[in-house]
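This briefing summarises selected features of one structure for computational work.

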Amino acid sequence: MASDGTRKQFWKRSNSKVPGSLLKAVPKVPTTPVKAKRVSTFQEFESNTSDAWDAGEDDDELLAMAAESLNSAVVMETAHRVLRNHSQRQGRHRPQEAVEPEQKPKPSPEPPVVPSGDLRLVKSVSESHASCPPEELRKLSWSGVPKPVRAVTWKLLSGYLPANADRRPATLQRKQKEYFAFIDHYYDSRNDEVHQDTYRQIRIDVPRMSPEALILQPKVTEIFERILFIWAIRHPASGYVQGINDLVTPFFLVFICEHADSEDVDVADVSRVPEDALRSVEADTYWCVSRLLDGIQDNYTFAQPGIQMKVKMLEELVRRIDEQVHRHLDQHEVKFLQFAFRWMNNLLMREVPLRCTIRLWDTYQSEPDGFAHFHLYVCAAFLVRWRREILEEKDFQELLLFLQNLPTAHWGDEDISLLLAEAYRLKFAFADAPNHYKK
């Protein structure tokens, strides 16, 4: 057994800094020199070294250091826009009694039609001689793309159009010719025995899509049937799967906007669009949908393993960011696959209005792997957005009905901007920590 002298020597306090503690500037207080006190008990030793394991204050400083690496321009521009719009909306809804009787309320200033970031985006894609760098285009598009340049911006972001403006007309002409060569070669086989089941399912699904006023026009129905059939024939690994049909609609609506007379494209009369313009819209839609699906094709192969994996990842992510919601769903035996499968299969198109989907896709196409990776964090933010309503439901059936019919009919761009901001925060916190998916 060691002697008392040896034990005191072992517990001798070290004057070196404890690893794990951040250096902090502390004002020096003049004191008289005091001889260092020896630590004689384990309790005293523990109290003197406990800061090595106390991560409370260090976490804040580490996060602040990490935040310096963020592209603050994009985040701050989005945040300021959301806050400005929210303040203006609050001002319009203030009660009238707050205004003095003899003083008329001043009209709130109208928000600018095109913010400064949008002006740069319009200029970069509108000038025929311009060649906007891809990274700059993505940064400008993250916060939303103005309607006048959305069509060409989406074509650039998807990689369908080259960045060099001089090469774009030739590329469009070549791709259009290639697409209609597929039509001539494959479309007549739609009634063959080997393809008739695929074509029959497409004909069943297309009339169920929205907006009905647009989709049910004969010309639009024919265009959608051709696009989906040609894609299925040229991608035999997956073929046609229900849900792919919904992904055609946003591209078609955005591209037809360039040629439709009506401001509300949902009810536009496509029969008035020139035939050449309609052929261009059809070809552009096909190629952009193909590029989107190339990044998420495992969502639609046999047994849809991509969706199964993403739903599982969503469940683990929600368990980490809001354990109370996760526990509530688990206690009432609500499985994530019962409501989130559609979120992944249709990219939230059945959960939010079409105008919101288009705004959402502005950002998806600006994010690296936006449809495959960033969509996961959007779904997590979307679920937690309804935490109060979820926790109030105490019945399995009511919970499931609520999650399958979320009240988003009146959502607009501001709601989507707030959702995307929260999704970006989650991505920043968890994207580089893959172990958060594991229990």
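Helices are DSSP runs of H or I with at least four residues, numbered from the N terminus. By that numbering, Ser 238 lies in the loop between α11 (218-234) and α12 (248-256). The model is a predicted one.

- Setting aside residues up to four places away in sequence, Ser 238 touches Trp 231, Gln 297, Tyr 300 and Thr 301.

**Packing of α7 and α12**
- Helix α7 (residues 147-157) packs with α12 at an angle of about 130°, and their axes are 7 Å apart.
- The two helices, α7 and α12, are therefore oblique to each other, and their crossing is left-handed.
- On the α7 side the contact is made by Arg 150, Ala 151, Trp 154 and Lys 155, and on the α12 side by Pro 250, Phe 251, Val 254 and Phe 255.
- Sorted by class, the contact of α7 with α12 has 6 nonpolar, no polar and 2 charged residues.

**Packing of α8 and α11**
- The axes of α8 (residues 168-186) and α11 cross at roughly 80° and come within 10 Å.
- This angle makes α8 roughly perpendicular to α11.
- From α8, Tyr 179, Phe 182, Ile 183 and Tyr 186 meet Arg 226, Ile 227, Phe 229, Ile 230, Ile 233 and Arg 234 of α11.
- In terms of class, the contact of α8 with α11 has 8 nonpolar, no polar and 2 charged residues.

**Nonpolar cores**
- In soluble globular proteins, nonpolar side chains tend to be buried together.
- The largest nonpolar core here has 100 residues, and Leu 314, Leu 329 and Trp 361 have the most contacts inside it.
- Apart from neighbours within four places in sequence, Leu 314 is in contact with Phe 336, Ala 340, Trp 343, Met 344, Leu 376, Cys 379 and Ala 380.
- A second, separate core of 7 residues includes Leu 137, Val 145, Val 149 and Leu 157.

**Backbone geometry in loops**
- Ser 210 and Pro 211 are joined by a cis peptide bond, with omega about 0°; Pro 211 is in the loop between α9 (196-205) and α10 (212-215).
- Leu 347, a residue other than glycine, has a positive phi near 55°; Leu 347 is in the loop between α16 (337-345) and α17 (354-364) and counts as buried at 1% relative accessibility.
- Asp 369 likewise has a positive phi near 55°; Asp 369 is in the loop between α17 and α18 (370-384) and is exposed, with a relative accessible area of 58%.

How values were computed:
Residues are numbered from 1 along each chain as its sequence is written. This is a predicted model: local features need pLDDT of at least 70, side-chain atom pairs count only at pLDDT 80 or more; totals for chains, interfaces and linings use all residues. Side-chain values use heavy atoms; hydrogens and water are left out. Contact means heavy atoms within 4.5 Å. Axes are lines fitted to C-alpha atoms, for helices over the stretch in contact, and angles run from 0 to 180 degrees between N-to-C directions. Angles under 35 degrees count as roughly parallel, over 145 as roughly antiparallel, 65 to 115 as roughly perpendicular and the rest as oblique. A crossing is left-handed if the near helix is turned anticlockwise from the far one by less than a right angle, and right-handed if clockwise. Ala, Val, Leu, Ile, Met, Phe, Trp, Tyr, Cys and Pro count as nonpolar, Asp, Glu, Lys and Arg as charged, and the others, Gly among them, as polar. A nonpolar core is a set of buried Ala, Val, Leu, Ile, Met, Phe, Trp, Tyr and Cys residues joined through side-chain atoms within 4.5 Å. Buried means under 20% relative accessible area, exposed over 50%, partly exposed in between (1.4 Å probe, protein chains only).
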